[in-house]
Amino acid sequence: MRIIFVLLFLFLSIYLASEDLIKLEYESLEYEPEKFRTGDSVFCRIKVSGMPFNSDDAAGVKAEKSISFEITDIKINISSGEILVWFIPFNPEEKYLPVIRSRSFLLEKVPVEIDGYYSPGDSFPEPPGAVLLPGTRIFLGFIFFIVSLFIFFGYYFARYFYKPVKGGIFAIFREMEIRKILSLLKSLNRGISGKDPVNLCMELSTLFRNYLEKRTSSSFMPLTSREISGKLLVSGWIDLAEAEKLGKTLYLLDRIRFSSRNTTSEAKLSGIVENIISTVDSVEAVSGKKEASGGN
């Protein structure tokens with residue numbers, strides 16, 4: 001009986017505590033970019049009135065799980081009374097962000113407008129007309145013969161020669177692409193002056209993810225910044241110290257990419273670029289060791 005009473009007491013305590021949450025209302029919303037579609041990375045600034053946030057709220061803030069959104073990050077700016085949310089939408093029919101809660105408050109029904117894959121004004125291309133005029137049986141037989149030869153020789157090529165070609169010619173072309181990306185990355189540090197911080201960070205993020213995909217033969221484009229540093233660490237491409245530095249650098253880069261106040265100094269931008277290049281150099285060093293030992 002004592003156990004039952006204890007369980008009932010704990011249940012009532014949790015229930016009553018949840019009822020004490022303050023239901024907030026937003027004062028203003030700001031999305032960056034203003035128009036977005038499914039799969040886009042979006043930043044949302046929610047201004048809340050009449051709620052003095054504290055450190056407990058900032059530490060415990062979270063968004064409920066939803067199949068319509070991936071919440072990549074969420075924070076509270078205590079001084080300005082704002083909730084900052086980074087997310088990726090997946091369902092164009094969803095009208096509200098997931099419920100946001102902390103230890104003392106609850107925020108529901110934050111409206112969101114997702115354009116979807118096609119706008120109402122978009123038009124689909126007309127189907128193409130006939131490419132070839134009606135031909136003869138000889139022409140069709142010739143096409144069938146060519147296709148058969150392609151399949152026949154393609155099978156034996158794939159069976160006996162694909163791996164050597166992949167390890168030779170394909171590797172050469174991949175290395176050329178990587179060298180081009182490395183050159184573009186290192187040229188960014190020389191072109192910071194007078195360049196828009198948001199555009200610079202967008203270009204840097206894209207080049208860095210492209211480089212990682214080419215060098216590691218693994219997918220990095222759909223990953224969040226936090227997942228990128230973790231994946232490189234677990235896969236042995238960088239050490240723990242480099243992973244921690246990269247995580248902080250990518251966080252700053254994302255803040256600039258999705259911020260509406262572009263006041264970042266050139267020195268700070270240069271530091272971000274240099275840290276990314278430092279990670280690239282570490283990955284290149286590991287790649288060289290793997291090639292020397294005959295690894296992938």
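Biologist: How many bridges pair strand 5 with strand 6, and in what sense?

Modeller: This is a predicted model. In it, strand 5 (residues 69-77) pairs with strand 6 over 8 bridges, in the antiparallel sense. Within that pairing, Lys75 is opposite Leu84.

Biologist: What about the hairpin of those two, which residue takes a positive phi?

Modeller: Gly81, with phi near 70°. The hairpin has 4 residues between strand 5 and strand 6.

Biologist: And strand 3, how does it pair with strand 6?

Modeller: Also antiparallel: strand 3 (residues 42-48) and strand 6 share 6 bridges. Val42 sits opposite Phe87 there.

Biologist: Is strand 6 largely enclosed or open?

Modeller: Enclosed, because 8 of the 8 residues in strand 6 (residues 82-89) are buried.

Biologist: Which residues go on which side?

Modeller: Glu82, Leu84, Trp86 and Ile88 are on one side, with Ile83, Val85, Phe87 and Pro89 on the other, and both faces are covered. In a regular strand, side chains alternate between the two faces of the sheet.

Biologist: Changing topic. Where is Phe142?

Modeller: Phe142 is in helix 3, which covers residues 137-160.

Biologist: What kind of surface patch is Phe142 in?

Modeller: A nonpolar one, whose members include Phe139, Leu140, Phe142, Ile143 and Phe153. Together the patch residues have about 1200 Å² of accessible area.

How values were computed
Residues numbered from 1 in each chain as written. Predicted model: local features only at pLDDT ≥ 70, side-chain atom pairs only at ≥ 80, totals over all residues. Heavy atoms only, no water. Patch = residues over 30% accessible without salt bridge, like charges linked within 9 Å, V, L, I, M, F, W, Y side chains within 5 Å. Areas by Shrake-Rupley, 256 points an atom, 1.4 Å probe, with all protein chains shown as cover. Salt bridge = Lys/Arg side-chain N within 4 Å of Asp/Glu carboxyl O. Buried < 20%, exposed > 50% of the residue type's maximum accessible area, 1.4 Å probe, protein only. Pairing = 2+ DSSP bridges.
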